[in-house]
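Reader: Hi! Could you walk me through this structure? I'd like to start with how the chains meet.

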Amino acid sequence: MKGKKVGMVSVGLTKFMRRAKETPKELAYYSAKMALDNAGITRKDVDGVIIGSAPDAFDGVHQKHEYLTDGSGGFNLPTMRGYVGGGTGVFSPIQGWYSVASGMNDVVLITTEEKMSTIQPSAQAGFLTIFDNMIERNLGPNLVWIFALEMKRYMEKHGIPKEHIASVSVKNKGNALDHPSAMLGQKLTIEQVMNSEVLADPVHLLDISPVADGAVSFVMMSEDKIKEFGIPLDQVAWVDGVGWNVDTTIWTNRDLYYPKYVEKAAKQAYNMAGQKDHSPETLRKWLSFAEPYDPFNYKELHHLEGLQLFGKGEAPRAAFEGVTARDSDFPVTPSGGLLGVGNPIAAAAGMKAAEVYLQLTGQAGKRQIPKDVTRGLAQAWGDLMQVGTVLVMKGGQVQ
Amino acid sequence: MELRGTKLSNDEFLNKVLSVTYYPELDYAWATGVAITKFLNGLKEGVIYGTKCNECSRVVCPPRMFCEECHTPMNEYVELPQTGIINTFSLAYIRTDATRRDKAEIPAVIDIDGTTISPSGFLHLINEDTPHDKVKVNAKVKAVWKSPEERKGDITDIKYFDIMED
């Protein structure tokens, strides 16, 4: 690990919901204030602010990082917005890490926020603006198409039964029953997922996470500041490794069955953490659990393979057999994920990074994994299917 | 600590609380650049173009002005066959605006013949009258064009792709 040692010392979350009364700025204030309170500090102690939020098209307010600055606590401070589509929520704490590791800042406040309910009547028209503008938009695509194409390719390549993929919706929506931010925690059966409305075969309604409004914030500090503030180490999660990677936007010239960019991002993070053996068996022992990005149920599996946590084509059966349940050998998405907690884009991946912190510090309440957890991973994905962002953290007392 | 955020129902939002509305009118006209202009002019003439990289020898579609691998010029345009295979597809009942249609559209990634990497091609549609049991990954397809008078240099100059019978 290069640079200064950096720890995450607190998180703050709002509820996730289909439509919030609060403005984006007000949501950002809620989560940012909560993160500061939980760290026992105030805005005066902060020397850098990072904002993560996805397409401006949802808000109809351009350059919304400026708009979000007040709520995120960022005015009159070095404030920046990083934006890598759905990958943003994990990229923002990565930016927090490098702004402290570099020595530029000692205490950073990071806020990921999304309000998707503003665009009428649905967010789909906003999503259209991310498709290629010359040879794709005139075909009248819907964002669900592209996931359906990728899911079909993945299933076809490995001969994956739909039931195996559907089991991820059952697991994650069930886990979300224990998450206080969750909008869609529910007990479901595989049959209910399989029999839900077909939107774009093979994608059914219950394969998809719901669009949402919400915000998640973090405080990250240098080791020196953690000592100075007297923050106990059992409230700290150290950044162990980070990685991100972007593939070509010419997505029709890539085999969608496998996310190579996620592999590259993951290996970058593992190597940074000193973990050079990338075999699935070793990595599943090294990591106690994972929060891979799950906007669609198959994506959790697709990403577990890209992350090298399961061999190619092997994640679906493992999920179906319960290996990735919260109380099993290798818990995956103990939070309930985007499928269950909700998908306010940047905040959704922020929620996943927050879950890694909460699990490592024993603050996950009813969601706490019933075994010792020493190291966890959050991963997000986005742009038009070509960016992977990976954050590995370890417990405050783990060497 | 109590999590905050105030949930509004659809009814509350539409009928009971204040909202401010705005309908943006934004028109865009994109210059189609060097390579895609060649591609779209080709479609107008009923031809599918790819490009070849002089450095790595890849032949790819859609054409590009530079090779994204070698980062060198890619200026040798190659006329490709009007056939390919379905790399992946979907039976889509959802339109751009999220409204539903009763009959599926069939978007697919068409891996165009004559390219040297797989897949290499573009997003298009399979004839929606095709019986669904005939639409398969790796099925051979051919381009079905609009009439020359109707073509205007747009991706929709190809009406759709039809499955080729063996």
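Author: Happy to; what follows goes from the interface to the sheets and then to some local details. This is a predicted model, in which local features need pLDDT of at least 70 and side-chain atom pairs count only at pLDDT 80 or more, while totals for chains, interfaces and linings use all residues. Residues are numbered from 1 along each chain as its sequence is written, chains are lettered from A and ligands numbered from 1 in the order in which they are written, and side-chain values use heavy atoms, with hydrogens and water left out.

Reader: How many salt bridges cross the interface?

Author: The rule finds 1 salt bridge between chain B and chain A. Its partners are the side chains of Arg100(B) and Glu197(A), at 2.7 Å from N to O. The rule asks for a side-chain nitrogen of Lys or Arg within 4 Å of a carboxyl oxygen of Asp or Glu.

Reader: How many residue pairs are in polar contact there?

Author: There are 23 residue pairs in polar contact across the interface, both residues being at pLDDT 80 or more. A polar contact is a pair of N or O atoms within 3.5 Å; within protein, one must be able to donate a hydrogen and the other to accept it, and residues adjacent in sequence count only if both atoms are side-chain atoms.

Reader: Which strand of chain A pairs with β5(B)?

Author: That is β5 of chain A (residues 198–201), which pairs with β5(B) in the antiparallel sense over 2 bridges. Strands pair if DSSP finds at least two bridges between them. Ala200(A) stands opposite Ala92(B), and Asp201(A) has Leu91(B) as its bridge partner.

Reader: What else does β5(A) pair with inside chain A?

Author: β5(A) is joined to β6(A) by 2 bridges, running antiparallel. The two form a hairpin with 1 residue between them, and Val198(A) has His204(A) as its bridge partner. The loop between β5 and β6 (203–204) of chain A holds Pro202(A), and the peptide bond joining Asp201(A) and Pro202(A) is cis, with omega about 10°.

Reader: Nice. Now the sheet in chain A: what is the strand order?

Author: The order is β3-β2-β4-β7-β1-β8-β11-β10-β9, an open sheet of 9 strands with mixed pairing. β3 and β9 (289–291) of chain A each have a single partner strand, so one side of each is left without a neighbour in the sheet. Inside the sheet, β1(A) and β7(A) (residues 213–222) pair in the antiparallel sense over 7 bridges, with Leu13(A) opposite Val216(A).

Reader: And the sheet of 3 strands in chain B, what is its order?

Author: That open sheet runs β2-β1-β3, with antiparallel pairing. β2 (59–60) and β3 (76–80) of chain B stand at its edges. β1(B) (residues 48–52) is joined to β2(B) by 2 bridges, and Thr51(B) has Val60(B) as its bridge partner.

Reader: Last one: where is Asn76(A)?

Author: Asn76(A) lies in the loop between α2 (64–68) and β3 (79–82) of chain A. Asn76(A) is not a glycine, yet has a positive phi of about 60°.

Key:
Helix = DSSP H or I, 4+ residues; strand = E, 2+ residues; numbered from the N terminus.
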